[in-house]
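Hi,

Here is the structure I said I would pass on to you.

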Amino acid sequence: MAIDRSLSSDAADGRNGSAPPPPPPPFIEHKAYARVGLLGNPSDVYFGRTISFSLGNFSASVRLQPSDDLVIQPHPVHDLVRFDSIDHLVNRLQNEGYYGGVRLLMSICKVFYKHCIDNKIDLKGGNFTLSYDTNIPRQMGLSGSSAIVCAALSCLLDFYKVRHLVKVEVRPNLILSAEMELGIVAGLQDRVAQVYGGLVYMDFCKEHMDSLGYGMYTPMDISVLPPLHLIYAENPSDSGKVHSTVRKRWLDGDKFIISSMEEVAKIALEGRTALLEKDYTKLAELMNRNFDLRRSMFGDDSLGSLNLKMVEVARSVGAASKFTGSGGAVIAFCPNGPSQVEQLENVCREAGFVVQPAIVVPSFLNEDDLKTLSHCS
Ligand SMILES: Nc1ncnc2c1ncn2[C@@H]1O[C@H](COP(=O)(O)OP(=O)(O)O)[C@@H](O)[C@H]1O
Ligand SMILES: O=C(O)[C@H]1O[C@H](OP(=O)(O)O)[C@H](O)[C@@H](O)[C@@H]1O
Ligand SMILES: [Mg+2]
């Protein structure tokens, strides 16, 4: 938590005779990182399992400043409402859609408030201004949306001093509810990785989900991961839209979707053992299988040609590759080491894709957070 008490020394000691202005109220600021669904996604949406990690390459931050009124501040770029021309407006809507982060901040305020009321958690009075910033490429399957929500939730927990009363396991549900309020079809894996940080194995088995409402989350040592690479292109994809057809088919009892999703969930289970044993040949095989199953369920039209090309370009040099989320970015692994990484960099650059080493952020739960955990395996 950052506390701003920046006062000039002149003002602070009132040397010019007049009373010093009151110090600005301290602000609270929290960051949440992008995430990579490494194995098992998107089975998190279907009582499956995933292994995901917090990605240090990109982050969103939210600042909460006490204020007289409750204000949700539009971002000057991401919530643009002033345009150079109608061309600019239409172009912007076509490329980035109608929405920015304002609705996400509003929604988490509502969900947080309702959660506190329902759980008899008293909230002190006082208002605040919420503002945000993010460098997570928008709608790239890197969980830009939930990073904003996650950072905002952390600010609210500290403003109301209720961090110890809202269990860590429950926080991803609140973040997801905030997005579901907005009709965004999404799962828990993003939010778990963002709340916990580091590398997390998640099991969303139905029995546990039905009885407790959340999955079983097991932090893993990030040192089990080999070097991984992130590939992306300017290619926004709306995760809600991508998911909606498969979701409907699953709900309608489509046997192919149900059995394929079970296969995807098994990949995370096998992947956990492979990682613990540092069996990276197996890891590569599982990453590829994961993507091939997604492709067979979602279909090429829904995945988009540029997304498919990213996976294929990586595979052309023998790298394993799959989506980090629902599309837009790819995570790749070069089992043959540095010479293969060089080849990967070359083919990606030739194809016009950005490629960079994936930075894994270790867990950042603090003591208050850890005390709320009901089980820590
Ligand atoms: N970078 C961003 N800046 C502002 N709002 C964003 C950003 N990324 C996502 N959003 C908001 O989140 C919503 C859902 O994004 P989503 O399709 O889940 O993308 P992502 O894969 O980045 O999470 C968008 O409709 C928009 O309201
Ligand atoms: O399809 C996926 O792998 C994920 O899609 C969503 O994430 P996003 O970053 O918005 O693409 C969803 O929220 C996740 O639960 C899915 O696993
Ligand atoms: Mg999202």
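Predicted model: local features only at pLDDT ≥ 70, side-chain atom pairs only at ≥ 80, totals over all residues.

The protein chain splits into domain 1, made of 9-224 plus 360-372, and domain 2, which covers 229-357. So domain 1 is written as two stretches of the chain, with domain 2 numbered between them. Where they touch, domain 1 puts in 35 residues and domain 2 puts in 44 residues.

How much area is buried between domain 1 and domain 2? It comes to about 3,100 Å², and carbon and sulfur atoms give 65% of that. On the domain 1 side, look for Leu39, Tyr46 and Met140: together they supply 22% of the area that domain 1 buries against domain 2, more than any other three residues.

What about charges and polar atoms across this interface? The rule finds zero salt bridges between domain 1 and domain 2. Polar contacts do turn up there, with 19 residue pairs counted, both partners at pLDDT 80 or more. Sorted by class, the domain 1 side has 19 nonpolar, 13 polar and three charged residues.

**The two ligands**

Let's start with ligand 1. It has 22 residues around it, and those that come nearest are Gly100, Arg103, Gln139, Gly144 and Ser145. A polar side-chain atom of Arg103 is 2.8 Å from an oxygen atom of ligand 1, and an N or O atom in the side chain of Gln139 is 2.9 Å from an oxygen atom of ligand 1. Gly144 uses a polar backbone atom instead, 3.1 Å from an oxygen atom of ligand 1.

Ligand 2 has 18 residues around it, and Asp44, Asp190, His243, Arg294 and Ser326 come nearest. From Asp190, a polar side-chain atom lies 2.5 Å from an oxygen atom of ligand 2. For Ser326, an N or O atom of the side chain is 2.5 Å from an oxygen atom of ligand 2. Ser143 takes part through its backbone, where an N or O atom lies 3.2 Å from an oxygen atom of ligand 2.

**Local details**

Two spots in the backbone are worth a look. Most residues other than glycine have a negative phi, and most peptide bonds are trans. The peptide bond from Asn41 to Pro42, however, is cis, with omega near 10°. You will find Pro42 in the loop between S1 and S2. Lys120 has a positive phi of about 55° although it is not a glycine, and this residue is in the loop between helix H3 (102-118) and strand S4 (127-134).

Finally, the salt bridges: the structure holds 21 of them. One is between the side chains of Glu181 and Lys110, at 3.0 Å from N to O. This pair links distant parts of the chain, 71 residues apart: Glu181 is in the loop between helix H5 (171-180) and helix H6 (189-196), while Lys110 is in helix H3.

Cheers

Notes
Residues numbered from 1 in each chain as written. Chains lettered and ligands numbered in written order. Heavy atoms only, no water. Contact = heavy atoms within 4.5 Å. Buried area = accessible area lost by both parts, 1.4 Å probe. Salt bridge = Lys/Arg side-chain N within 4 Å of Asp/Glu carboxyl O. Polar contact = N/O pair within 3.5 Å; in protein donor to acceptor, adjacent residues only side chain to side chain. Nonpolar A, V, L, I, M, F, W, Y, C, P; charged D, E, K, R; others polar. Near = heavy atom within 4 Å. Helix = DSSP H or I, 4+ residues; strand = E, 2+ residues; numbered from the N terminus.
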